[in-house]
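Biologist: Could you walk me through this model? I have not seen it before, and I would like to begin with a single residue.

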Amino acid sequence: MKIQIHLRCLLFAVILFNFSLSWGQKRTSFHQAAILIDAHNDFPSAAIGNNLAFDQDLRGRAHSDLRRMKTGGVDIQIFSIFCGPEQPKPYAWANREIDSVFAWVERNPDDMRWVRNSKELKKAVKQKKIGTMLGVEGGHMIEDRLENLEALYNRGVRYLTLTWNNSTAWASSALDETSLKDTTRNFGLNQFGQSVVRKMNELGMLVDVSHNGERTFWDAMATTTKPVIASHSSVYNLCPHRRNLKDDQIKAIAHNGGVIHVNFYAGFIDSTYEKKSTQLMERHRKEMDSLTSHQTASTEITKKMLGEKHAAALLSIRPSISILLDHLDYIVKLVGVDHVGLGSDFDGIEAPPLELQGVEDFPKITDALLERGYAKKDIRKILGGNYMRVLKANEKK
Ligand SMILES: [Zn+2]
């Protein structure tokens, strides 16, 4: 009798194991078959800063590398071209970063493919190569010249974030709009700023409103005739940070037909993170001061302190993936599933959710969406379908 019960238990366990195995396989194949587009990855800057090559094995050193991107089922990666405002020649710098992305594609023709439009995007997916696209993160890189904007478009750049944390002469950033006390300064887009947006519409370059101040945001929305993106921003109502979008902004993007690509950064999704990370850094004050004296930018100091030197301690304050899902859910509930996507900010942040070590972990997001009861057709929209719609809507007819 006892043996019989044991046998039955064993049989049940085997059936359960096989069931979960095939369920797991089904989920994995669904993820691999879906088109996954990440709207924002900062690896080009990390590569130059830390002397890394995309086609090396960078486990433990970066969030991204070619092999892991393939494992993670990434179909299209939009790499962010970026330099800080301290660079004396930002346009030249942007071109240098573009050169290095070109070099990776050239060195890896079997695994990567250059993508400049919807047609090429589909080809890359069909050929199972990582479709490589470019976005420039910060209007300062056009150095106040529409010719430079056009030249960047001709080199393949398909979105421009109107500002980074720094304002330009023609657009104010979220940082400046929320921190500058100078009320004589004109915020928003000036006339030249509006002509930048119009030129982008004409070229077929997507307007990216991440990092923009609210005044700039509303001016850009009033100027653009095409759907916009927020390439890497999350929900202000869940995490009140100036980098996130308020409900009326989310509604305006939806009304314009655009997409908000949710940022994975702990500081933008978990409202308790900033305080915890500051406390953690304060415990290593001397070390932090020594970095400060080298005149490193404060975002770089945080990345170095928490992402590299104290990564183990950082584990205890990184949020779980469910908080990221809450942001996706929030936007879906507010404006529907057609206006949300993914903008990881990998290699531009020190703390993604615990479960996401890097680009190899994208399948966990698909799993989490399935667990929350999302229909497969809706998941396909979030993973890439929505971005493809906006790209197409911006292309010249
Ligand atoms: Zn950014």
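**A first walk through the model**

Modeller: Asp144 is partly exposed, with 14 other C-beta atoms within 10 Å. A buried residue has 20 or more such atoms, an exposed one 12 or fewer, and a partly exposed one falls in between, with C-beta atoms placed from the backbone. Please note that this is a predicted model, in which local features need pLDDT of at least 70 and side-chain atom pairs count only at pLDDT 80 or more, while totals for chains, interfaces and linings use all residues. Residues are numbered from 1 along each chain as its sequence is written.

Biologist: Where is Asp144 placed?

Modeller: Asp144 sits in the loop between strand S4 (130-137) and helix H6 (146-154). Helices (H or I, at least four residues) and strands (E, at least two) are DSSP runs, numbered from the N terminus. The phi of Asp144 is near 60°, a positive value in a residue other than glycine. Most residues other than glycine have a negative phi.

Biologist: What about Asp347: buried or exposed?

Modeller: Asp347 is buried, with 28 other C-beta atoms within 10 Å. Its phi is near 65°, again positive in a residue other than glycine. Asp347 lies in the loop between strand S9 (340-342) and helix H17 (362-371).

Biologist: Changing topic, how many helices and strands does the chain have?

Modeller: The chain has 18 helices and 9 strands. Buried residues make up 45% of its 397 residues. The C-alpha atoms fill a box of roughly 85 × 55 × 45 Å along the principal axes.

Biologist: And what is the radius of gyration?

Modeller: The chain has 22 Å, which agrees with the value near 21 Å that a compact globule of 397 residues would have. The radius is taken over C-alpha atoms, and the globule rule is 2.2 Å times the number of residues to the power 0.38.

Biologist: What share of the contacts joins residues 24 or more positions apart?

Modeller: Such pairs account for 74% of the contacts with a separation of 6 or more. Two residues are in contact if their C-beta atoms, placed from the backbone, lie within 7 Å.

Biologist: Which residues of helix H2 are buried?

Modeller: In H2 (residues 43-50), Phe43, Pro44, Ala46 and Ala47 are buried. They cover an arc of only 165° around the axis, which puts them on the same side of H2. The arc is that of the directions from the helix axis to the C-beta atoms.

Biologist: What do they pack against?

Modeller: The buried residues of H2 pack against strand S1 (37-41), strand S2 (76-81) and helix H4 (90-107). In S1, 5 of the 5 residues are buried. S1 and S2 pair in the parallel sense over 3 bridges, and pairing requires that DSSP finds at least two bridges. Ile37 stands opposite Ile76 in S2.

Biologist: Which residues of H4 are buried?

Modeller: Pro90, Tyr91, Ala94, Glu97, Val101 and Trp104 are buried in H4. Seen down the axis of H4, the buried residues fall within an arc of 135°, so they line one face of the helix. On the other side of H4, Ala92, Asp99 and Glu106 are exposed. The buried residues of H4 pack against H2, S2, strand S3 (112-114), S4 and H6.

Biologist: Which residues touch the most other members of the largest nonpolar core?

Modeller: In this core of 96 residues, they are Val157, Leu160, Met205, Val207, Ala220, Ile229 and Ile260. Helix H18 (residues 376-394) supplies the largest share of the core, 7 residues. A nonpolar core is a set of buried Ala, Val, Leu, Ile, Met, Phe, Trp, Tyr and Cys residues joined through C-beta atoms within 7 Å.

Biologist: What does Leu160 contact?

Modeller: Leaving aside neighbours within four places in sequence, Leu160 is in contact with Val136, Gly139, Leu149, Met200, Met205 and Asp208.
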